[in-house]
Amino acid sequence: MHYINIKLIIAFAIALITIAGCISPASVSPSPDPAITEENNPPVASPSPSIKPTPTQAPTPTPEPTPTPRPTPRPEDLEEYNGDIFHAFYHFLIAFPEVAKTNPYGKDMDIVCVTPTEYWRSLEELYKNDFVLMDINAYLAEGEGEDGSVKKAKLMVPKGKKPLIISFDDINYYSKTLGKGICDKVILDENGDFAMSTLQPDGSELITYDNDVIPLLEKFCAEYPDFSPFGAKGVLAITGYDGILGYRVQRDSPNRESEIEAVKPVVEALKASGWVFASHSYGHIHTRSVDLERVKSDTDNWLNEVGSIVGETQVYVFAYGEYTKDHSDPKFQYLLESGFRILCGVGLPPHIKAYDRHIFMDRQNIDGYTLRNNTQRLSPLMDASVVFCPEERI
């Protein structure tokens with residue numbers, strides 16, 4: 001009797017193994033969301049070529065990963081830097097170029113974004129040209145004078161290296177652009193690593209590590225740790241009217257509280273890994289053309305809805321690079337009164353200047369337009385002809 005039971009158990013186990021071996025994960029590929037897209041459903045496209053193998057199974061996020069200790073350069077290996085200060089900036093990536101080509105929004109991204117391949121190549125160029133990542137806050141001397149004055153800090157870098165800030169605008173993953181060639185949101189995978197999540201037309205979740213700014217910069221710094229000798233990564237300039245990092249935490253979101261709880265571990269992990277948050281205004285406003293009351297309400301909304309989640313920051317990145325050139329303008333002054341001490345515009349020549357109460361710097365945009373049209377002005381940073389990837393372009 002026992003012998004018969006054992007035979008049955010073995011046969012049943014073999015059957016289960018056979019069935020399991022015949023099951024394969026459902027194939028997924030990015031495609032615009034029909035509920036968002038204004039046109040008819042475009043054809044389904046495949047992801048761009050991988051820099052790192054991409055799993056298709058969605059892992060369970062694990063909060064609060066422990067940051068890996070990074071050795072600090074010895075004082076004798078450092079020297080004071082007195083040259084030009086470069087601050088390069090990007091937007092989110094054209095994560096799925098094949099999808100972006102199928103809708104009108106792709107033409108906008110073709111101008112203001114780069115592709116995953118171009119982004120990786122640009123990092124290689126920056127590294128080859130002896131740049132090292134610096135925390136933007138390192139440019140401001142610690143403390144303030146009794147009169148509230150500030151000054152630029154003395155920058156120490158590894159010998160032969162040049163300091164660089166990298167920032168990224170609109171890392172919000174707005175609802176209206178989802179399904180049009182970009183990722184949906186930043187997540188933590190089961191190992192506590194940064195990844196990107198993108199919802200597929202069949203309702204499945206595509207997890208990628210090779211097609212947006214955060215996981216790719218993390219990967220690059222892991223492969224080339226001397227690119228980030230002090231542990232700095234980038235500045236995430238975010239608005240707030242449609243949430244942050246792909247999470248709908250704005251005040252009119254029906255799931256605001258649960259979204260806040262979901263994004264908190266991601267925010268803390270980013271900060272622990274050397275990322276800095278900055279205000280990009282709450283509503284992506286035209287600072288020059290709006291009135292003072294709009295700047296006040298916009299700034300207050302960002303501090304209350306976004307600052308309360310990401311923590312204090314002294315960095316303000318003007319939307320459109322549009323700032324009031326007269327720094328005594330009440331709109332500019334309100335930003336200073338709100339705690340912002342490092343304010344950033346846009347301009348290809350490197351520029352940084354200390355004023356009585358703040359530091360102002362320009363940022364050099366790295367995008368489709370500059371890669372095509374401003375190759376000479378980008379040359380101190382990178383060889384645009386090496387970076388540009390026409391095969392992935394719209």
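Figure 1. Residues are numbered from 1 along each chain as its sequence is written, and side-chain values use heavy atoms, with hydrogens and water left out. Because the model is predicted, local features need pLDDT of at least 70 and side-chain atom pairs count only at pLDDT 80 or more, while totals for chains, interfaces and linings use all residues. The protein has eleven helices and 15 strands, taken as DSSP runs numbered from the N terminus (helices: H or I, at least four residues; strands: E, at least two). Among contacts with a separation of 6 or more, 73% are made by residues 24 or more positions apart, a contact being heavy atoms within 4.5 Å.

Figure 2. In soluble globular proteins, nonpolar side chains tend to be buried together. Here, the largest nonpolar core holds 71 residues, and Y119, L126, F168, I171, I244, L245 and L381 touch the most other members. Apart from it lies another core, of 21 residues, including Y139, I165, V235 and V315. A nonpolar core is a set of buried Ala, Val, Leu, Ile, Met, Phe, Trp, Tyr and Cys residues joined through side-chain atoms within 4.5 Å. What does I244 contact beyond its neighbours within four places in sequence? Its partners there are I171, N172, I238, T239, V249, V263, V267, V306, I309 and V310.

Figure 3. Helix α5 covers residues 213–223, and nine of its eleven residues are buried, so the rest of the structure largely encloses it. The buried residues in α5 are V213, I214, P215, L216, L217, E218, K219, F220 and C221.

**Figure 4. A salt bridge between E118 and R393.** The closest N and O atoms of E118 and R393 are 2.6 Å apart in this salt bridge, a term for a side-chain nitrogen of Lys or Arg within 4 Å of a carboxyl oxygen of Asp or Glu. E118 sits in helix α4 (residues 116–128) and R393 in the segment after α11 (384–387), so the pair ties together parts that are 275 residues apart in sequence. Are these two residues, E118 and R393, buried or exposed? Both are buried. A search of the whole structure finds 16 salt bridges.

Figure 5. The side chains of E261 and K264 meet in a salt bridge (3.3 Å, N to O). Because they are three residues apart in helix α6 (residues 256–272), about one helical turn separates E261 and K264. E261 is partly exposed, with a relative accessible area of 48%, and K264 is partly exposed at 38%. Elsewhere, salt bridges that share partners join D110, E118, R372 and R393 into one network.

**Figure 6. D130, its salt bridge and its backbone.** K161 and D130 meet through their side chains in a salt bridge (3.4 Å, N to O). This pair links distant parts of the chain, 31 residues apart: K161 is in the loop between β4 (155–158) and β5 (162–169), and D130 is in the loop between α4 and β3 (131–133). D130 has a phi near 70°, a positive value in a residue other than glycine. With a relative accessible area of 32%, D130 is partly exposed.

**Figure 7. S281, another positive phi.** S281 is not a glycine, yet its phi is positive, at about 75°. Its place is in the loop between β10 (276–279) and α7 (292–310). At 0% relative accessibility, S281 counts as buried.

Figure 8. C183 is buried, with a relative accessible area of 0%. C344 is buried too, with a relative accessible area of 0%. How many disulfides does the count come to? The count comes to zero, a disulfide being a pair of cysteine sulfur atoms within 2.5 Å.

Key. Buried < 20%, exposed > 50% of the residue type's maximum accessible area, 1.4 Å probe, protein only.
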